[in-house]
Amino acid sequence: MTINESATSAPVSSTERPPVVTTMPRLGRGVCWRDIEREIELDELEREARLREAA
């Protein structure tokens with residue numbers, strides 16, 4: 001890069017937002033996010049099945 005080149009990027013337009021970066025909290029020993037995600041998926045499947053039965 002030369003001195004004349006800008007080191008900063010162009011400003012973000014109002015319609016484009018920069019990506020939101022979040023950190024995941026630390027989990028206890030032996031717990032992983034994959035297990036938590038699977039539990040959430042199973043809960044969603046159960047809820048959908050109950051809704052189908054109720055309809």
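Analyst: The structure holds three salt bridges. This is a predicted model, in which local features need pLDDT of at least 70, side-chain atom pairs count only at pLDDT 80 or more, and totals for chains, interfaces and linings use all residues. Residues are numbered from 1 along each chain as its sequence is written, and side-chain values use heavy atoms, with hydrogens and water left out.

User: Why is the contact between R38 and E41 called a salt bridge?

Analyst: A salt bridge requires a side-chain nitrogen of Lys or Arg within 4 Å of a carboxyl oxygen of Asp or Glu. For R38 and E41 the N to O distance is 3.3 Å, so the pair meets the definition. In general, side chains of opposite charge can pair when their charged atoms come close.

User: Where do R38 and E41 lie?

Analyst: Both belong to helix α1, three residues apart, about one turn of the helix. Helices are DSSP runs (H or I, at least four residues), as are strands (E, at least two), numbered from the N terminus. By these criteria the chain has one helix and zero strands.

User: What makes R38 partly exposed?

Analyst: Partly exposed lies between buried (under 20% relative accessible area) and exposed (over 50%), with a 1.4 Å probe and protein chains only. R38 has a relative accessible area of 42%, and E41 has 43%; both residues are therefore partly exposed.

User: What makes E46 and R50 a salt bridge?

Analyst: The closest N and O atoms of E46 and R50 are 3.7 Å apart, and the pair therefore qualifies. These residues are four apart in helix α1, about one turn of the helix. E46 is partly exposed at 48%.

User: Which residues make the nonpolar surface patch?

Analyst: L27, V31 and W33 make a patch of about 220 Å². Patches take residues with over 30% relative accessible area and no salt bridge, joining like charges within 9 Å and nonpolar side chains (Val, Leu, Ile, Met, Phe, Trp, Tyr) within 5 Å. V31, in the segment before α1 (33-54), has a relative accessible area of 42%, so V31 passes the area cut-off.

Definitions and conventions:
Accessible areas come from the Shrake-Rupley method with a 1.4 Å probe; for residues, only the protein chains shown count as cover.
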